[in-house]
Amino acid sequence: MNKMLNKTILFLLVITVFSCKTESNSSAKTSNDTPFDAKVDSLMNLMTLQEKIGQTVMYSGSGTITGPTVNTNFRTYIKEANVGAMLNVYSTKATRDLQKLAVEETRLGIPLLFGYDVIHGFKTIFPINLGLAASWDLEDIEKGSRIAAEEASAVGIHWTFAPMVDISRDPRWGRISEGAGEDVYLGSEIAKAYVKGFQGDDLSKTNTILACAKHFVGYGAAQAGRDYHTVNMGMDELRNVYLPPFEAAVDAGVETFMTAFNELNGVPATANKFLYRDILRDEWGFNGFVVTDYTAINELVEHGFAENEKHATELAIKAGIDQDMMSSANRLYLEELVNEGKVDEALINDACRRILLAKFKLGLFDDPYRYIDEQREKDVIYKPEFLEAARKSAAMCSVLLKNNDKTLPLDKNQTIALIGPLVKDKENILGNWGAAGDRTGKAISVYEGVQEYLADSKVAFAKGCEIEGDDTSGFTKAINAAKTADKVVMVMGEDYDMSGEAASRTNIKLPGKQTDLIKAIRKAVPKKQIVLVLMNGRPLDLSEEDTLADAILETWFPGTSGGYGVADVLFGAYNPSAKLPVTFPRTLGQVPIYYNMKNTGRPIPDHDPHEDYKSHYLDAPNTPLYPFGHGLSYTTFEYSDVELSSETIGFSDTLTATATITNTGDYDGYEIAQLYVHDKVGSITRPVKELKGFQKIFLKKGESKTVSFKLTAKDLEFYNLEEFRVEPGEFEIAIKGTSDFDFEHSFTLE
Ligand code: NOJ
């Protein structure tokens, strides 16, 4: 038989195997039995070992480079059936072109999977993830990721490397910008919202994409906040803080996981059997597939864990890793390792099966081009309603950190001086991981947002200085602008690439001469109100700015429609409701600082925080500048009448805690009510406070509402170094608008 005929026969066989219509899969956890199992088996029966290994290989296209440059002949490898997935390919033309290679030029024509970092939007960019977390608005987060999936899928992307659910308590770490902050409960709820948004309820729909929980695990606890650095963590922290958001993602049905670059307690995550086989698969029942992070298999050699890349390949597959992103390790060594008897072929079958299963769920065997749709691309990219949703998000994510003497909202009848390097910015405003977002003009700057409210004649603009560098030559013009206006609004912060991957900082103050510029203006116009509008990817040390500015609005990097959303807040069209998902320290020396800390045996007494031989600093208080959960509104909310359904509950009872919240100020607005508990005594020590619930409610001025939270024993469970358990005893409880409070109520579990 000639080669062509051979291929035709195989192709017919494959078509028979694939031809049954794709059925939807909307199960919560990825279940063991899927409607596609028989099809996967039939296909795998046709595959050679090399073709199966090919499915476990991923390469980067020539789009954005998201790791060290590695030149690969990916086109050749695709044609040789040595590639199962591609990343960084994100236009209809490019995805169609490569899909054609895989489908038409390989023996079995197995379609490629296209993955991409769609982190906080694809084209329409939403606020960075830390900002999204500040909204505490799960519906909005789900909606934003739904929109991202709509846009990305239209160009042929099937898979996003999101959400990043790494907890982080270290603002030096640049990737804190990509996560949901420091808290386990908030982080877990947000993880679920992202997964639901990306994956929708039916993966066979062409506008839903696979989500990926990353980076498993501990990545956010890198020593000294330096990216990729070592992580040493006890079981208390690992089980009670860092793992739960990943488990929440599994519960929400996440289809894929990504390994972390770091080592965990001496074993690099990418070779960590305990994580992948024991916890992820055996304990949590995860049935999706696991991809490495970029070149992470090769890095096992640099870690000093593998002798060479071949050894690293063996360790990774044995640990339970299914797909190799960019290491070329599986392509080069897996077959040899099987032939030498070092790797059981069954491991490769498992990995291949999981990856093929995902392709079946997406319907790629019905039509490998079904996502790539130029017309849909035109229809959905930058759809007006998406841009509008991004505007709303930008407003909902902006945290009002400070607002003395009603400095904000601005009055449309007054004039303002708009000063700072980020006033007219359309590039940084997208933040890091801007995916395919346009940094050259599409984004709305704060200046343009303000123009919707104020005529140009009422705005005096001066850049003043750059974000970085020592140039102060623009100060005079900025001071003059400040002198002419009723109020000063300064828009400052970081460059977008000062956070994100490989972007750790040892100094978390405003960079360059920006603080000096605020000081110069404060001095020149001592009586004028100054508003500081911030764009940044991490908690900053704002202790100086806090003494200089009358109002501070943290907008993170607010995205494509950011300028509109920020202006909506500045002028009061949206009354700020966001709350910090992460603590802002007074000084870097306090890091790590987070609200749900342990008490120590020598906590500082309230009456004298300087009392000797207590756990404190000589030169700074223990308290942060702005605590977790903090965020002001233009109105004020009063919490009263906290009531518990019972003072004592049993292990199978439900406790209802209620509080009345009254809008006591002058504006209608949203409030985020937070439920905290404190387990007073445990078989291992418990945090001084733990968030256990939250609700966002709307209150007209003068209005009161009752919020009600339900707690069961399960909510009080923790890992005590041996097992998950709920222990009887006394629990303090509170419903508040911030984590900064003293408990006044308690109940007993018995
Ligand atoms: C490396 C990053 O750590 C990861 O988060 C990302 O998804 C991959 N590169 C792919 O770009």
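**A lysine, a sheet and a helix**

Modeller: This is a predicted model. In it, Lys 579 is buried, with a relative accessible area of 2%.

Colleague: Where is Lys 579 found?

Modeller: Lys 579 lies in the loop between α22 (562-570) and β17 (637-644).

Colleague: And what does the side chain of Lys 579 reach?

Modeller: The side chain reaches the backbone oxygen of Gly 737, at 2.8 Å. Leaving aside residues up to four places away in sequence, Lys 579 touches several residues, among them Trp 136, Val 399, His 630 and Glu 671.

Colleague: Turning to the open sheet, in what order do the five strands come?

Modeller: The order is β4-β3-β2-β1-β10, with parallel pairing. The edge strands are β4 (159-160) and β10 (324-325), each of which pairs on one side only.

Colleague: Over how many bridges do β1 and β10 pair?

Modeller: Strand β1 (residues 57-60) pairs with β10 over two bridges, in the parallel sense. Met 58 has Met 325 of β10 as its bridge partner.

Colleague: Now helix α8, please. Why is α8 described as largely enclosed?

Modeller: Of its 16 residues, 13 are buried, so the rest of the structure largely encloses α8.

Colleague: What span should helix α8 have?

Modeller: At 1.5 Å a residue, the 16 residues of α8 (residues 184-199) should span 22 Å, and the end C-alpha atoms are 22 Å apart, which agrees.

Colleague: What is found at the start of α8, and what follows α8?

Modeller: At the start, a side-chain oxygen of Asp 183 comes to within 3.1 Å of the backbone nitrogen of Tyr 185. Gly 200 follows α8, and the phi of Gly 200 is positive, near 60 degrees.

Conventions:
Residues are numbered from 1 along each chain as its sequence is written. This is a predicted model: local features need pLDDT of at least 70, side-chain atom pairs count only at pLDDT 80 or more; totals for chains, interfaces and linings use all residues. Side-chain values use heavy atoms; hydrogens and water are left out. Helices (H or I, at least four residues) and strands (E, at least two) are DSSP runs, numbered from the N terminus. The expected span of a helix is 1.5 Å times one less than its number of residues. Buried means under 20% relative accessible area, exposed over 50%, partly exposed in between (1.4 Å probe, protein chains only). A polar contact is a pair of N or O atoms within 3.5 Å; within protein, one must be able to donate a hydrogen and the other to accept it, and residues adjacent in sequence count only if both atoms are side-chain atoms. Two strands pair if DSSP finds at least two bridges between them. Contact means heavy atoms within 4.5 Å.
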